[in-house]
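Q: Hi! I'm new to this one, could you walk me through it?
A: Happy to. Have a look at it here, then ask away.

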Amino acid sequence: MGFINAVFDLGKLESEKAKTRGGGADVIDDYLQLPMPIIEDEAKRGKVIRVWMKVESDESANDPETKELNVSGISRMDLVDYWAGSEEDDEKKRRYLYRDPVGSNTSWGFSPIYKLGPAKADVRKEMLGENDQWATDDKSRFNKLEKRVLSDYEKTGCFSRGSKERIMKDLEKQIGRLSELWADKKRSYLLLFGIDQGGSFLYPGEVPAFRYYFSSKLEKSLSGGGATGSCALCGSSGTMLNLDKIFKFATFDKVSFLPGAADGQGVKERVFPVCGGCLPALSRGREVLDSSFLDGKTIPGLKIYVVPELLLGQEGLEMVSKKTRDFIKTGIGIEEPIFRRLSRLDNSIIFHFLFWEKNQAQERLHLMVEDVPPSRLKKLGDIWVKCYRTYLWNSYENPDFDENKITLDQAIKNIFGVLSGLAGKSEQDKAVMRDRTIGILGRLLGGEIIDILEVKKLMVSRFAGLFADSEWLRFGGVRLRQMAAVIDFLINSNGGCR
């Protein structure tokens, strides 16, 4: 399976690079994730509110033998940049010691981190709830913080008895300070708990007790595979885990994702078996996807993984993956569209595309298109330039036509916008139309034949309703030209971009 093999190779590469830099010796490093994205725009870059917890003994905080912290309260809170510092990226990730919770309603997490998000207008009400009764208001942030983050630390013995109560009491006293720090509505914030060691802040990854807690939870979350068999990646035999430990859309009911899994087969046949030796590389590979190969701007509401795979061996994977990461990361910054950048590589590399959607802790896979060469993207882009010039270019307002500003990304957005606009008012109609549109985009990327007549019938069948809609008619001329551009684009690219 090309996509899984590509993720596995990326994970192995990153793990080897981490070891070369002096990191990656601890197995938990392969399972660490970023608590929030790294944003280049300084005005939107994330911030961290650090909570300095006092412990009974400073020395116990970084004592490898200490598994329980006796927290006496909070000394202070301050604000720092999320990704500040001169350390390597993997070292910064290690200090946060973060991994997403296994579910949206779990009563524990892997890390002493609470995601605040952008600032709210009334911080006190947001944190303490109505009339400051946060203990009984399950919608208040303090209630969620206590139940979903701090309680389990005391329950499992990472915190001594009474530590949670002392932390929450001091947090409530410092709500005014929290309001000062959590102030910007344009950026996201983390509330991070660390240790005050004689005036120096110890991040969670620097505290042995937190690392022990993380390791214990990780071991528990990865257990339960149980079935014996052969690893689909390395062929070794033994107790296997399922791929859903890494990709939540790789569950038993997702027949389309697992190769060879057809309706009517039993659970065992639907498992993509992975051994404990290969799972860490897959986990690190997934984190590489999330941090460097993820586009969330081209299609509203959907995320796109773009995974590179070399056709001529793995010797050049580091060079190619670095180039790919660089221009995808820049594409997310809207400096240049992602599909144009992908089309500039030669055909010694192919891409695998995954269109998926995140809903809280769940992930829904909409489409996977494997083995897409850059030359196909280039041809599609060239076709779109001609269609744009014919139907959408306004020669009066822009007399100088610049094809460098016309990209395949625009074609995809135009197709999605036009076809989504044909959906009915109900959420069900919109969902059906979105799935049909994603299917058309998948056939475009895959070089497959598209039923143009069906697309035309779909448009014509909606004309009566659209022409009776005064809001739609305000821009009717533009919308009709967009429809014509979509039809012309599909006709000229239909099955010919292989």
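**A chat about the chain**

A: Let's begin with Lys44, which sits in the loop between helix H1 (2-20) and strand E1 (47-55). Keep in mind that this is a predicted model.

Q: Thanks! Is Lys44 buried, exposed or partly exposed?
A: Lys44 is partly exposed, and its relative accessible area is 47%.

Q: Let me zoom out. How many helices and strands are there in the protein chain?
A: You'll find 18 helices and 13 strands.

Q: What share of the residues counts as buried?
A: The protein chain has 498 residues, and 50% of them count as buried.

Q: Can you show me a buried residue? Where does Val372 lie?
A: Val372 belongs to strand E13, which covers residues 362-372. Val372 counts as buried because its relative accessible area is 0%, and buried means under 20%.

Q: Which residues is Val372 in contact with, leaving aside neighbours within four places in sequence?
A: Those are Ile350, Phe351, Phe353, Leu377 and Leu445.

Q: And how far apart in space are Val372 and Gly446?
A: They are 6.4 Å apart, C-alpha to C-alpha, while in sequence 74 residues separate them.

Q: New topic: where is the place of Gln174?
A: Gln174 is in the loop between helix H6 (163-173) and helix H7 (175-181).

Q: Is Gln174 buried or exposed?
A: Gln174 is buried: its relative accessible area is 19%, and the cut-off for buried is under 20%.

Q: What is Gln174 in contact with, apart from neighbours within four places in sequence?
A: Gln174 is in contact with Ile74, Ser75, Arg76 and Met77.

Q: Where in the chain is Leu473, then?
A: Leu473 is in helix H17, residues 470-473. With 44% relative accessibility, Leu473 counts as partly exposed.

Technical notes: Residues are numbered from 1 along each chain as its sequence is written. This is a predicted model: local features need pLDDT of at least 70, side-chain atom pairs count only at pLDDT 80 or more; totals for chains, interfaces and linings use all residues. Side-chain values use heavy atoms; hydrogens and water are left out. Helices (H or I, at least four residues) and strands (E, at least two) are DSSP runs, numbered from the N terminus. Buried means under 20% relative accessible area, exposed over 50%, partly exposed in between (1.4 Å probe, protein chains only). Contact means heavy atoms within 4.5 Å.
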